[in-house]
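Please keep the sequence and the three-dimensional view at hand while reading.

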Amino acid sequence: MEDNYQLVTKTAAGLEEVLAAEIKALGAKNVRILHRAVLCEGNKELMYRINYTVRTALKVLKPFKTFYAKNDDELYKKVQEINWCELLRTDQTFCIDAVTSGRFFTHSQYASLRMKDAIVDQFRDVYGIRPSINTLNPDLRINLHIREDKVQILFDSSGESLHHRGYRKQVDKAPMNEVLAAGLIQLSGWKADCNFLDCMCGSGTLPIEAAMYAMKIPAGYYRKQWGFMKWDDWDPELWNRIKDEADSQIRDFDYEIWASDRSPKAVAIAENNITYAHLQRDIHLMKKNMEDLTPPEGGGIVIINPPYGDRLEEDDIDLVYENIGNTLKHNFQGFKCWLITDDAVALKHVGLKPSVKIPVWNGPLECRFVRFDIFGGSLKDKKAKEAQEENTVTSENQESSAD
């Protein structure tokens, strides 16, 4: 049995709890939530499983070395003490992704450069030649994290960010990150037990992620390559077993998934992405304004990613939100409707009181993911009906006691 070691799985701000739940479900031990990341204990099998199945993971990092340095000369010296010739060959490539904070290292690119110099100088001293840098598809992607004087070197097992699922061949303007879309679906509480609608679907990311979630299609199902496949301990037999186990869970979905957009261009792009994902029979796509959409019977959940703030230009953003509110009130009775936005002013024009507000980040934008519960009739009528039903039950109980 392989010894356990720490794994750091990165995600978007606001999705840490969702990510932790996904990782715990895989059997990870000592799961701890960090800022935009989750720390846990596991082994190679868990590392492979997170990379292939977890929907809210961006990167899976394997910690390698921790030391302390207060300037670039100390950093260079400590990096040189590592035997990089055991980790890389001269004919291989590498790159360094650096993140720094604190007093001692204020420029992440310079820290990355000093680490790179230490590695290649060691190879020159030993072999007279050095490995090359490849920022797109390296054999070893190194993560350098410095906070104050604490230096951590981690190896990136994912390679390209895991939000690159592999199904999205085209995008419309300002597309939603796939990991954020998957996170919003889980934050909404949807359990694939009712209809799902996206009335402003853009490139189709939300409905595709909803279909993958409902049908238990693994997050990495359409993807071809991961960073660990170039590591010396790459285990294709273990990887194929993990993939086969996950793929065997794929199932049909009993409810409707609808996607619509008013833009012909967006619908064409969404259609291409949905078709590439082989989900054209599972997602009902149409070109319609939200206000012209008659939702399926039986209620369900709606998630909307409208234009907002710096993301898109709109002639009258307040009117867009007002139309959303009016349409929800008149057409979506019996639905739970979620909306993500960074525009608190425009949100007020929806004209409905949110029942839930969750802070999330969409790239650099701090947003709110809010829920509106659309009842049949007015909320006042609903409360009056609930009070009447409660009084009826109380009266019946009193009569029963008297008897």
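Predicted model: local features only at pLDDT ≥ 70, side-chain atom pairs only at ≥ 80, totals over all residues.

## The β9–β12 pair

Helix α6 (residues 205-214) lies across β9, β10 (257-261) and β12, and it runs at about 160 degrees to β9.

## The seven-stranded sheet

The strands β9 and β12 belong to an open sheet of 7 strands with mixed pairing, and the order across this sheet is β11-β10-β9-β12-β13-β15-β14. The edges are taken by β11 (284-287) and β14 (356-362); each has a single partner strand, so one side of each is left without a neighbour in the sheet. On average, and with direction ignored, neighbouring strands of this sheet are turned by 20 degrees against each other.

## The contact of α5 with α6

Helix α6 also meets another helix. The axes of α5 (residues 178-187) and α6 come within 9 Å and cross at roughly 60 degrees, which makes α5 oblique to α6. The crossing of the two is right-handed.

On the α5 side, the contact is made by E178, A181, A182, I185 and Q186, and on the α6 side by T205, L206, E209, A210 and Y213. Sorted by class, the contact of α5 with α6 has 6 nonpolar, 2 polar and 2 charged residues.

## The eight-stranded sheet

A further open sheet has 8 strands in the order β2-β3-β1-β4-β8-β7-β5-β6, and its pairing is mixed. Its edge strands are β2 (29-34) and β6 (132-133), each of which pairs on one side only.

Strand β1 (residues 5-10) is antiparallel to strand β4 (residues 59-68), with 3 bridges between them, and T9 stands opposite V60 of β4. Strand β4 is also antiparallel to strand β8 (residues 150-156), to which 7 bridges join it; here K62 stands opposite F155 of β8. Strand β7 (residues 140-147) pairs with β8 over 6 bridges in the antiparallel sense, and H145 stands opposite Q152 of β8.

Helix α3 (residues 72-80) lies across β4, β7 and β8 and runs at about 110 degrees to β4.

Helix α3 also meets helix α4 (residues 108-127): their axes come within 9 Å and cross at roughly 40 degrees. That angle makes α3 oblique to α4, and the crossing is right-handed. The residues that meet are D72, D73, L75, Y76, V79 and Q80 in α3 and Y110, A111, R114, M115, D117, A118, I119, D121 and Q122 in α4. By class, this contact has 8 nonpolar, 2 polar and 5 charged residues.

## The contact of α2 with α7

At what angle do the axes of helix α2 and helix α7 cross? The axes of α2 (residues 44-53) and α7 (residues 236-247) cross at roughly 45 degrees and come within 10 Å. This makes α2 oblique to α7, and their crossing is right-handed. From α2, the residues in the contact are K44, E45, Y48, R49, Y52 and T53; from α7, they are L238, W239, R241, I242, K243, E245, A246 and D247. The contact of α2 with α7 has 6 nonpolar, 1 polar and 7 charged residues.

T53 is placed in helix α2. A polar atom of the T53 side chain lies 2.7 Å from the backbone oxygen of R49. Which residues does T53 contact, leaving aside its neighbours within four places in sequence? T53 is in contact with E22, L26, A219 and A246; of these, A246 belongs to the α7 side of the helix contact described above.

Notes: Residues numbered from 1 in each chain as written. Heavy atoms only, no water. Pairing = 2+ DSSP bridges. Helix = DSSP H or I, 4+ residues; strand = E, 2+ residues; numbered from the N terminus. Axes fitted to C-alpha atoms, helices over the stretch in contact; angles between N-to-C directions. Contact = heavy atoms within 4.5 Å. Parallel < 35°, antiparallel > 145°, perpendicular 65-115°, else oblique. Left-handed = near helix turned anticlockwise from the far one by under 90°. Nonpolar A, V, L, I, M, F, W, Y, C, P; charged D, E, K, R; others polar. Polar contact = N/O pair within 3.5 Å; in protein donor to acceptor, adjacent residues only side chain to side chain.
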